[in-house]
Amino acid sequence: MPELPDLVYLEGVLQPELTGKQIVGLDVKEPIIIRNLLGESLDLLKGKTFTDVRRHGPFLVFELSDDLRMIVHPMLAGAFTLEKRKGLVSIQMKDHALTYLDNKKMGKIYFLRKGSESQIPRFLEQGVNIRSVEFTEAKFLELINSSRRQVRAFLMEQESISAIGNAYADEILFDAGIHPKTFCYQLDQEQKEGLFRSINKVIQSGIDSVQGSKHLLHEKVRDHMLVRNRKNEPCPRCGSSIRRESVLGYDTFFCPKCQPAQRKTFIDWK
Ligand SMILES: [Zn+2]
């Protein structure tokens, strides 16, 4: 579930809520999702205090006192609640609890010391943060110009730009009017610049929609999406039926009229 706008929202809620709170207990119902990289029992966490919460790509990083870290990769279905309820892992604080829910059990929770992040798959390999000042049009053009992949795969690979998931990849390509099977090298300069604008616009509008909706912390907000999970519904722009297709194994939603397949690249033999 959580994509960048969801994680930005979680960071904004959890950071002020948890910072300064001391852990008094840890309840692990599903050890399968835990990766303990501490080299000793998780009892070590008792008495430690949350010092910060921040997003890193598709991860949420919970910093703890004594340079300890809890890093969560929620994958498809991970979610958090501050309510006292049953979940896979629950961290108790005095008068508070943080519970991790995940009905697919695909997410992972890593416990480690600061500096051991290289042991977390893909953590250090994240590309430029699309919410940072480093994500300029020049940087984006440099990255897309060096990719031989389909544009949807390029958007989602995370080693180039971090971090766009399935749902927002569909929304971004719809906004840009680009067919999801287009290869990066088939796009002209104008389309690449338009794609850069669409990334910023769609992610910002996603953040605004998630922030603005009155939802529970663990609920996903997807009502604002125009094509994602809208197979056979009319396109909001042209009225054609939204199509669903598998692109490199991923479910992909798009409008066949607003996002026409790219013409064959014109080859000038002279
Ligand atoms: Zn359309």
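Contact here means heavy atoms within 4.5 Å. This is a predicted model, where local features need pLDDT of at least 70, side-chain atom pairs count only at pLDDT 80 or more, and totals for chains, interfaces and linings use all residues. Residues are numbered from 1 along each chain as its sequence is written, and side-chain values use heavy atoms, with hydrogens and water left out.

Start by selecting Leu38. You'll find Leu38 in the loop between strand E2 (34–36) and strand E3 (50–56); helices (H or I, at least four residues) and strands (E, at least two) are DSSP runs, numbered from the N terminus. Leu38 is buried, at 7% relative accessible area (buried is under 20%, exposed over 50%, partly exposed in between, with a 1.4 Å probe and protein chains only).

Now show what surrounds Leu38. Skipping neighbours within four places in sequence, Leu38 is in contact with Leu44, Leu68, Phe111, Leu112 and Arg113.

Next, colour the strands. Five of them make an open sheet with mixed pairing, ordered E2-E9-E5-E4-E3; two strands pair if DSSP finds at least two bridges between them. E2 and E3 are the edge strands, each pairing on one side only.

Zoom in on E3 and strand E4 (residues 59–64), which run antiparallel and are joined by six bridges. Pick Arg54, and its bridge partner in E4 is Val61.
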